[in-house]
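Please have the sequence and the 3D view open as you read.

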Amino acid sequence: MAENQKGTAPARNRWVVGITGASGSIYGIRLAEELLKRDKEVHLVVTEAGWRVLKEEMGWQASKRSQMLQDRFGDFAINGRLVYHPNSDIGASIASGSFRVSGMVVAPCSMGTLSSIAHGISDDLMTRAADVMLKERRRLLLVPRETPLHAIHLENMLTLARLGVTILPAMPAFYYKPQSMDEMINFLVGKVLDSMDVEHDLYRRWGDEQYGLETPDHHR
Ligand SMILES: Cc1cc2nc3c(=O)[nH]c(=O)nc-3n(C[C@H](O)[C@H](O)[C@H](O)COP(=O)(O)O)c2cc1C
C-alpha cells in the first residue's frame with residue numbers, strides 16, 4: 001500500500017473515500033473495494049473514531065493499521081492503487097485543490113464530521129479534503145448514519161444539500177427481498193456507485209426483468 005504518495009491515475013479515475021466514526025464502516029470498505037476492482041485509484045482517509053468503530057464492527061486492530069489494510073485489500077494495497085493517508089496529515093495530496101480527483105465519498109459519515117463540513121471547519125485531512133471538494137465544485141457524497149436525528153443534524157444536511165452535496169443516508173430497503181447482510185450492504189454501496197456514475201450490478205434494480213421482477217405500471 002502506498003502511504004502519503006501522490007497517485008498516478010487520471011483525475012476521472014481517482015476518488016477520495018473517507019471512513020468516519022459512524023456505525024457502518026463496512027460501507028466504506030466495500031465501496032473502496034468496488035472502486036479498486038473497477039480500475040479506480042482510491043485515496044483512503046479514516047478518522048480516529050473511524051478506526052475505533054472498525055475495531056468494534058470488524059475486529060480491526062487500530063495499532064496495526066497498515067497490516068489491516070494489506071490484509072483486506074491485498075494486491076490493490078501492494079500495487080499502490082490504494083493510497084492511505086493518515087487523517088492528521090493535512091499536507092497530503094488530497095488536502096490541495098491542485099491535486100485533481102473526481103470527488104469524495106464519506107461512508108459512513110458521522111454527525112460530527114457532517115457538522116464540520118457544513119460549517120467549513122477543516123481541522124483534519126477528512127474535513128479539509130471535503131472542504132476542497134466544495135471549493136473546487138467537485139462531487140461530494142455523504143452517507144450519514146444516525147438515528148434519531150435532531151434539528152441541527154437535519155439543518156446541516158440541508159445546508160450541504162443546497163451546496164450540491166449528495167446526502168445518501170445509510171437506509172436499507174426491503175422491496176428487493178434481501179437474503180443476507182451482504183445483499184443489504186451491496187444495495188447501499190450500489191446506490192452510492194449510482195450517484196458516482198460508476199457502472200455496477202451490485203443490486204437488483206426495480207423493474208429489471210432478468211431478476212423476474214415485472215415493471216409495475218406506475219414505474220413505466
Ligand atoms: C461503536 C460506535 C458507534 C458509533 N456510531 C455512530 C453513528 O452511527 N453516528 C454518529 O454520528 N456517531 C456515531 N458514533 C460516535 C462518533 O464516533 C463520535 O461522535 C466521533 O467523535 C466522530 O468522530 P469523527 O467524525 O471524527 O469520525 C459512534 C461511536 C462508536 C464508538
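Helix H2 (48-58) and helix H4 (111-118) each give at least two residues to the shell around the ligand; helices here are DSSP runs (H or I, at least four residues) and strands are runs of E (at least two), numbered from the N terminus. This is a predicted model, in which local features need pLDDT of at least 70 and side-chain atom pairs count only at pLDDT 80 or more, while totals for chains, interfaces and linings use all residues. Residues are numbered from 1 along each chain as its sequence is written.

The ligand is surrounded by 16 residues, and the closest are Thr20, Gly21, Ala22, Thr47 and Ala49. A residue counts as near when its C-beta atom, placed from the backbone, lies within 6 Å of the molecule. H2 gives the most to this shell, 5 residues. The shell sorts by class as follows.

| Class | Members counted in the class | Residues in the shell |
|---|---|---|
| Nonpolar | Ala, Val, Leu, Ile, Met, Phe, Trp, Tyr, Cys, Pro | 4 residues |
| Polar | the others, Gly among them | 8 residues |

Now to helix H3. Helix H3 bends by about 95 degrees at Arg72, the bend being the angle between axes fitted to the seven residues ending there and the seven starting there. Just after H3, Gly80 takes a positive phi of about 95 degrees. Met68, Leu69, Phe73, Phe76 and Ala77 of H3 are buried, meaning that 20 or more other C-beta atoms, placed from the backbone, lie within 10 Å of their own.

Technical notes. A residue is buried if 20 or more other C-beta atoms lie within 10 Å of its own, exposed if 12 or fewer, and partly exposed in between; C-beta atoms are placed from the backbone.
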